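Hi,

Here is the structure I promised to pass on. Have a look at it first, and then read my notes below.

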Number of protein chains: 2
Amino acid sequence: MSLPRSPLAPEAFPDLPEIAGVRFAAVEAGIKYQGRYDVMLAVLEPGSTMAGVFTRSATRSANVLDCQEKIGADSEQGAAIIVNSGNSNAFTGRAGEGSVAAICEAVAAATDLPAARVFTSSTGVIGERLPHDRITSKVAALVEGLKTDSIEAAAQAIMTTDTFAKGASATVMVDGTPVKIAGIAKGSGMIAPDMATMLVYIFTDANIARADLQAMVSDVTNRTFNNITVDSDTSTSDTLLMGATGASGVDVTGDQDFADAVHQVFLDLAHQVVRDGEGASKFVTVTVEGAASDADARTHALAIANSPLVKTAVAGEDPNWGRVVMAIGKSGAAADRDLLSIRFGDVLVAEKGWVAESYREEDGTAHMKNPEITITVDIGLGQGRATVWTCDLTHAYISINADYRS
Amino acid sequence: MSLPRSPLAPEAFPDLPEIAGVRFAAVEAGIKYQGRYDVMLAVLEPGSTMAGVFTRSATRSANVLDCQEKIGADSEQGAAIIVNSGNSNAFTGRAGEGSVAAICEAVAAATDLPAARVFTSSTGVIGERLPHDRITSKVAALVEGLKTDSIEAAAQAIMTTDTFAKGASATVMVDGTPVKIAGIAKGSGMIAPDMATMLVYIFTDANIARADLQAMVSDVTNRTFNNITVDSDTSTSDTLLMGATGASGVDVTGDQDFADAVHQVFLDLAHQVVRDGEGASKFVTVTVEGAASDADARTHALAIANSPLVKTAVAGEDPNWGRVVMAIGKSGAAADRDLLSIRFGDVLVAEKGWVAESYREEDGTAHMKNPEITITVDIGLGQGRATVWTCDLTHAYISINADYRS
């Protein structure tokens, strides 16, 4: 399968800064895909701290379960992250646990790390046994190839139905010293994260204790990856890992500029996942304000963003605000029909329970022709507010998911 | 727009028995559609009891709000149901309430019923003012045309994106006397009922008190219409009304055979709505057993039935049980990956957390080629059980909903 690059893709992979204390490598292991990288390795120096957020799926993969067991431990011993694409090692029973153990042991032996500091992810088809020998046989080559400037190859190795590799970075001055953040992500379908999304790996040379890093990662994830959706389906493999090497020597504990920069990188990657949503032709920002609470606002926003009827209307460039009303009505969160107002872009479409007097259909239609659509709803009940991001639902989504097994 | 008849449609509209005490009429009012019936009237004789179930949408239409106010009253005065297609009168503010009042008054005047016994439904586009004069000007003709054998015309009048008119009936012997039940329904998209679905009207000549009828209708709806889904979107207009004329003279209070017959009619109509799901090419029965509770089983079953990835796999005739595992995992209900088993038709696909040893892909594929697919999951935790019905997600759904406004 070869999918055309998403029309919403950025022009090129960004220039990412090297993060002192992290090296990357990628290889072709031929797990499922041929002629492309499909395994990446990242190795972090001793003194790094690690944090992670994982899918809450009850059928999560052996890799996720293993990462969750390991992520809470304090350690000064460095860490490794090894990821394959083409096979998710999910719903593979005891064999899946054996594959994770074999991969961790191979990486541990080649890097002098304990297996407890090796984190694995697998992404691809569910329910087929992972041919982990193809990975373990490449570990020596991966370790030999580790370089600080190979993050783009790593981003390529983790792609499945992605049509472009995803990277983002920020550099922030803390106490007069630049601190760098760089991350990569994959994701395109089965995107409705619940605690995390897909595969995301973010690195920084900041110095920060594990517990503080974890708290920040969880908070920022809730405002970024947990607020995107492509198709309301939640992966069995969702994993976000962030590693802080401390190599900059800068302690960022409690630093708001650093937290803001992390937020910026997470949000950039989250948006790139939506821009590569299977079949996407429109990038849609749904903002709900005036809800009874922030939680209610998010419930409304996700109901709009996940509605097949709203998403197909966007695909058809139809300013069909009636479907937005429907989605608000079904969400279960508080709403009063006669207090609602709805905007498409800057165009006030509906207010006080009916179409706005000033509304002209051609204004709504003009906004819908843009590749980037904003839908803003004021519930009129309180101060609750949330923004989520999604894409439209097109024929290409059906083709991608009906016509072959990803 | 003219959609091809669903490949899952029954061969023809069934022969429905006349229900003593109810008469029907349909007219062309030109509300939106031209050259077809778009308004129906049903009038029930004095002594009839009425029960109803309605959408729980927070943005429900003026018609639904009006019906909900009226349905709980005990009355010996007979009743009327008037329904238009082409415009849902939803999200039309105060004007919507005015339209309902005008229609109820016109019907009341022409039938000698109080307006409190006139029930209205409207279905079609949301947010456009209902041109109710086109309806009120036809009320005299409707009343004049009332006949006991015009239920098929009524079923035609309430269609929107439906590709076939839907009817079902049962005759059950109670105390040696035949009691008849006949019903009609419309629905095709925006189907994920929450308390009721779309528009459904069911009539019987049984004798049953209002409160008993309501209790039975609510219970049966929960096992039929509330367990179907086309696209996870819930209508602002969902209405189910059942009227019992008592003309048979048979008291059915507490009669299990009668309740079973009502269940059969509801289920038949609910299945017909799924068979006419927008773009449907497969009728899918999802049964979950062995869940921790019936509620958990329903949550799992709906997660499977609403998953775009499961539905596109069905459309592609792909026995992609990994997506079923994913849906169970995301549903939020209790599950243990290593206890799950999954069957497609009679084919055991997965058990104990992995693909079944006996499974051959060609067996799964053979089942998926049928127009009727069954997916059965044993959660392995308890006795909870539920069945829901859905259809696949195809290119035609996208075309129907992206390419024009319904």
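Predicted model: local features only at pLDDT ≥ 70, side-chain atom pairs only at ≥ 80, totals over all residues.

Now for the place where the chains meet. On the chain A side 52 residues are in contact with 51 residues of chain B. The elements of chain A that put two or more residues into this side are α2 (93-111), α9 (308-315), α10 (321-330), β14 (354-355) and α12 (395-402). The largest share comes from α10(A), with seven residues. By type, the chain A side splits into 21 nonpolar, 20 polar and eleven charged residues. Since 98% of the interface residues of chain A are also interface residues in chain B, the copies meet through the same surface.

Within chain A, the domain assignment gives domain 1 (22-275) and domain 2 (283-402). Their C-alpha centres are 33 Å apart.

Next, the core. The largest nonpolar core has 265 residues, and the members that touch the most others are Met40(A), Ala42(A), Met40(B), Ala42(B) and Ala80(B). If you click on Met40(A) and skip its neighbours within four places in sequence, you'll find it in contact with Phe24(A), Ala25(A), Ala26(A), Val83(A), Ala154(A), Ala157(A) and Ile158(A). As a rule, nonpolar side chains in soluble globular proteins tend to be buried together.

There is also a hairpin to look at. Strands β6 (residues 166-174) and β7 (residues 177-186) of chain A pair in the antiparallel sense over nine bridges. One of the pairs joins Gly167(A) to Ile184(A) in β7(A). Two residues sit between the strands, and Asp175(A) in the turn has a positive phi of about 50 degrees.

Last one: is Val200(A) buried or exposed? Val200(A) belongs to strand β8 (residues 199-204) of chain A, and it counts as buried because it has 31 C-beta neighbours inside 10 Å. Apart from neighbours within four places in sequence, Val200(A) is in contact with Gly183(A), Ala185(A), Phe225(A), Leu240(A) and Leu269(A). Asp238(A) is 38 residues from Val200(A) along the chain, yet their C-alpha atoms are separated by 8.4 Å.

Cheers

Conventions. Residues numbered from 1 in each chain as written. Chains lettered and ligands numbered in written order. Core = buried A, V, L, I, M, F, W, Y, C linked by C-beta atoms within 7 Å. Buried ≥ 20, exposed ≤ 12 C-beta atoms within 10 Å, placed from the backbone. Contact = placed C-beta atoms within 7 Å. Domains from an automatic or database assignment. Pairing = 2+ DSSP bridges. Helix = DSSP H or I, 4+ residues; strand = E, 2+ residues; numbered from the N terminus. Nonpolar A, V, L, I, M, F, W, Y, C, P; charged D, E, K, R; others polar.
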